[in-house]
Each structure stands twice: as C-alpha cells, then as structure tokens.
Amino acid sequence: MRIAWIRVKANGGSAGIDQETIDFIVREYGEERLIEECRQTLMNKTYRASPVRRQEIPKGDGKMRPLGIPTLRDRVIQMATKIVIEPIFEADFQDVSFGFRPKRSAEDAIRRIRETAEREKVHWVVDVDITGYFDNIPHDKLNNVYRRLMIVYGDQADVRIVSSPGQGTEIMLGIPYRSHQDLAATSPSLGNFRHSS
C-alpha cells in the first residue's frame, strides 16, 4: 500500500469528490494514516469506492472530454490493485499488444511494425482507436473475464473486495459500470485482459 501511495503522490492530480488533495494528506491528514486506513478497509472487506468528481477537459479537436477524478483513497487502492495484478496477467498478454503495458510505448509499437515490414511481406497495417473505449467496453464481459482469471489464479477473495457497489456506481477494480473514471489505474490493464482472452 505504501508503494501505491508513493506512485499516486508522484502522479499528482486533482482532488476527488471529497476535495482531499495530496498536499492536504501530506501536511495535515498524514500519509501513514491514509495508508493504514486503505489497508484496513481491504483487510476488513469494507472498501467501497466513492463516486468520481466530474470535470470536462478540452480535446485537441475543440470538443470537450468528460473526465472522472477518483478520490485519493480510491486511487491508492486502484494503484495497489494494479501493482498486484499487472505482473500476474502480463505473462498472458499477447506479445503484439503495446497499449497501456509496462515498459512498452507507442514508439515500441512503431518499431515493431517497421521491423516486421522489413522482415516479412506486409500488405497492410491497421491503426484502431475506439472512441470512448472505456465508456463502450462491455463491462459485464470484462468482469466475467476478470473473475475467471482470478479463479484460475486462486484468488477469488480479491474480487469480493474490489467489486463492491459504491454509492450508486458499480465498480470493478476502478472501472465504473456506467460512468467515466479515466484516471483509474486499473482500467487500461482490465481493457488488456479483455482483449488478450
């Protein structure tokens, strides 16, 4: 949990719906207190994700993009979850997948395309960007994939901890069922789980 807090603090970001900022936690509330409270809610199986704070941000094309900003507590728990599950599932991802993966980038994907085109006869390359991917991903299927994988790895308890309803929004490891939560640390990983299964 401490490593998760260190990463969340380093990432910065705005306060969630509770208006608690990183500065407030560091200067007034206490980092150790926050870490221990997050740990206890998971250990006691009482964790409930808070609703996200809604904000519109401008996109490059002049349109606005809805952004959901989770509370610091939710970001810490999401990051802790990512730290635990990412290495477990990373081994199952296809080698040709580069999106939202550790130590992989868009530049790595382009390099792979060039290397493949030089080595083999390539007829076409497809670049796909799904508009509103995290809004349109089939969450019921994604949750089933995640549950199946957790059962395979023998850790069903983690599903119970993180799939609790949170004040009107069903959350599965930080992916809201019917709303945006673009800063959720686990959303990209879960999207990769869906596509690698």
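Which residue forms a salt bridge with Arg 119, and how far apart are the closest N and O atoms? The partner is Glu 120, and those atoms are 3.8 Å apart. A salt bridge here is a side-chain nitrogen of Lys or Arg within 4 Å of a carboxyl oxygen of Asp or Glu. The close-ups below show a predicted model, in which local features need pLDDT of at least 70, side-chain atom pairs count only at pLDDT 80 or more, and totals for chains, interfaces and linings use all residues. Residues are numbered from 1 along each chain as its sequence is written, and side-chain values use heavy atoms, with hydrogens and water left out.

**View 1. The whole chain.** The chain holds nine helices and five strands. Helices (H or I, at least four residues) and strands (E, at least two) are DSSP runs, numbered from the N terminus. From that end, the order is α-α-α-β-β-α-α-α-α-α-β-β-β-α. Of the 197 residues, 37% are buried. Buried means under 20% relative accessible area, exposed over 50%, and partly exposed in between (1.4 Å probe, protein chains only). Take the contacts (heavy atoms within 4.5 Å). Among those between residues at least 6 apart in sequence, 65% join residues at least 24 apart.

**View 2. The largest nonpolar core.** This core has 17 residues. A nonpolar core is a set of buried Ala, Val, Leu, Ile, Met, Phe, Trp, Tyr and Cys residues joined through side-chain atoms within 4.5 Å. Trp 5, Val 8, Ile 25, Leu 34 and Val 76 touch the most other members. Four helices each supply at least two core residues: α1 (2-11), α2 (22-29), α3 (31-43) and α4 (72-90). Helix α4 gives the largest share, five residues. Zoom in on Trp 5. Leaving aside neighbours within four places in sequence, Trp 5 is in contact with Ile 22, Ile 25, Val 26, Glu 31, Leu 34, Ile 35 and Val 76.

View 3. Helix α3 has 13 residues and reaches 18 Å from its first C-alpha to its last. That is close to the 18 Å expected at 1.5 Å a residue; the expected span is 1.5 Å times one less than the number of residues. Its buried residues are Leu 34, Ile 35, Cys 38 and Leu 42. They sit on the same side of α3 because they cover an arc of only 100 degrees around the axis. The arc is that of the directions from the helix axis to the C-beta atoms.

View 4. Arg 39 pairs with Glu 36, their closest N and O atoms being 2.8 Å apart. Both residues lie in α3, three residues apart, about one turn of the helix. An α-helix has 3.6 residues a turn, so residues three or four places apart point the same way. Arg 39 is partly exposed, at 33% relative accessibility. Glu 36 is also partly exposed, at 33%.

**View 5. Two loop residues with positive phi.** Gln 19 lies in the loop between α1 and α2. Its phi is near 65 degrees, a positive value in a residue other than glycine. Gln 19 counts as exposed, at 54% relative accessibility. Lys 45 is in the loop between α3 and β1 (53-58). Phi of Lys 45 is near 60 degrees, again positive in a residue other than glycine. Lys 45 is partly exposed, with a relative accessible area of 41%.

**View 6. Asp 74, buried without a salt bridge.** Asp 74 lies in helix α4. Asp 74 is buried, and the nearest side chain of opposite charge, Arg 73, is 7.9 Å away. For this count, Lys and Arg are positive and Asp and Glu negative; His and the chain ends are not counted. Not counting residues up to four places away in sequence, Asp 74 touches Tyr 47, Arg 48, Ala 49 and Ser 50.

**View 7. Pro 66 beside Glu 56.** Pro 66 lies in strand β2 (residues 64-69). Pro 66 and Glu 56 are 10 residues apart in sequence but 4.5 Å apart in space, C-alpha to C-alpha. Pro 66 is partly exposed, at 23% relative accessibility.

**View 8. Other salt bridges.** The whole structure has 10 salt bridges. One of them joins Arg 111 to Asp 108, with the closest N and O atoms 2.7 Å apart. These two are separated by about one helical turn, because they are three residues apart in α5 (residues 106-119). Arg 111 is partly exposed, at 43% relative accessibility. In the Arg 119 pair, Arg 119 is exposed at 56%, whereas Glu 120 is partly exposed at 46%. Glu 20, Arg 33, Glu 37 and Arg 73 are linked in a network of salt bridges.
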